[in-house]
Amino acid sequence: VCVCVCVLLSLSKGAVLNMQGDLFKAVIMRAPFLDVLTAMSDPTLPLTQSEYEEWGNPATDAQALAWMRRYDPYHNLLPPPADNSTHTHTHKYPHILATTSALDNRVPCWMPAKWFARYRHHYAPTLALLRVSTAGHSGEGGRYGSLRSTAFEYAFYYKALATPLSD
């Protein structure tokens, strides 16, 4: 199964990858929001304070903090133990394409890059790509921009489907 998710859907998909990544062969995450705990703990980031009513403020609400810790994709992507015998993540992780933009004012490019670096370091699949553009939050615009992005994603799926997952 291949899947493509955007922004907030990538939050739930990141949690699912940590629990059962073997359900997927390839995943594309566009502007993925994968470090909710850090983002919601930093009131200087755009949108953070306006989200406190819905998500809670982890700095002042212990229940919100505990809830965020349970599913946060970045903080739950833990390194496997050396012996792998007691490792809860014995499944294979899928091939990953994460896209972000240096000009994104909603999901700063360092957030997906930080998650991707940890993911690639600990679970280096055969195919893991981070694409950083200057297109902004909604991706490439213009007459051919979205076509180029779609072609890149299709090429990733084509390669991923032909590439075995590593252990």
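**A walk around the aromatic pairs**

Start by selecting Y71: with a relative accessibility of 18%, it counts as buried, since the cut-off for buried is under 20%. Keep in mind as you click around that this is a predicted model.

W67 is partly exposed, its relative accessible area being 40%. Both residues sit in helix α4 (residues 62-71), four residues apart, so about one helical turn separates them. Look at the two rings: the centres of W67 and Y71 are 4.8 Å apart and the planes meet at 65°, which makes the pair edge-to-face.

Next, jump to helix α3 (residues 48-55) and pick out T48, Y52 and W55, its buried residues. They span an arc of only 100° around the axis, so they share the same side of α3.

What is the total number of aromatic pairs here? The count comes to five. In the one formed by F33 and W55, the ring centres are 5.8 Å apart and the planes are at 65°, so it is edge-to-face. This pair links distant parts of the chain, 22 residues apart: F33 is in the loop between β2 (26-30) and α2 (36-40), while W55 is in helix α3.

For a last stop, select Y93, W115 and Y119, a cluster linked by ring pairs. Then show R118, whose charged end sits over the ring of Y74, 4.0 Å from its centre.

Technical notes. Residues numbered from 1 in each chain as written. Predicted model: local features only at pLDDT ≥ 70, side-chain atom pairs only at ≥ 80, totals over all residues. Heavy atoms only, no water. Buried < 20%, exposed > 50% of the residue type's maximum accessible area, 1.4 Å probe, protein only. Helix = DSSP H or I, 4+ residues; strand = E, 2+ residues; numbered from the N terminus. Arc of directions from axis to C-beta. Phe/Tyr/Trp six-rings, centres within 6.5 Å; stacked < 30°, edge-to-face > 60°. Lys NZ or Arg CZ within 6 Å of the ring centre and 35° of its normal.
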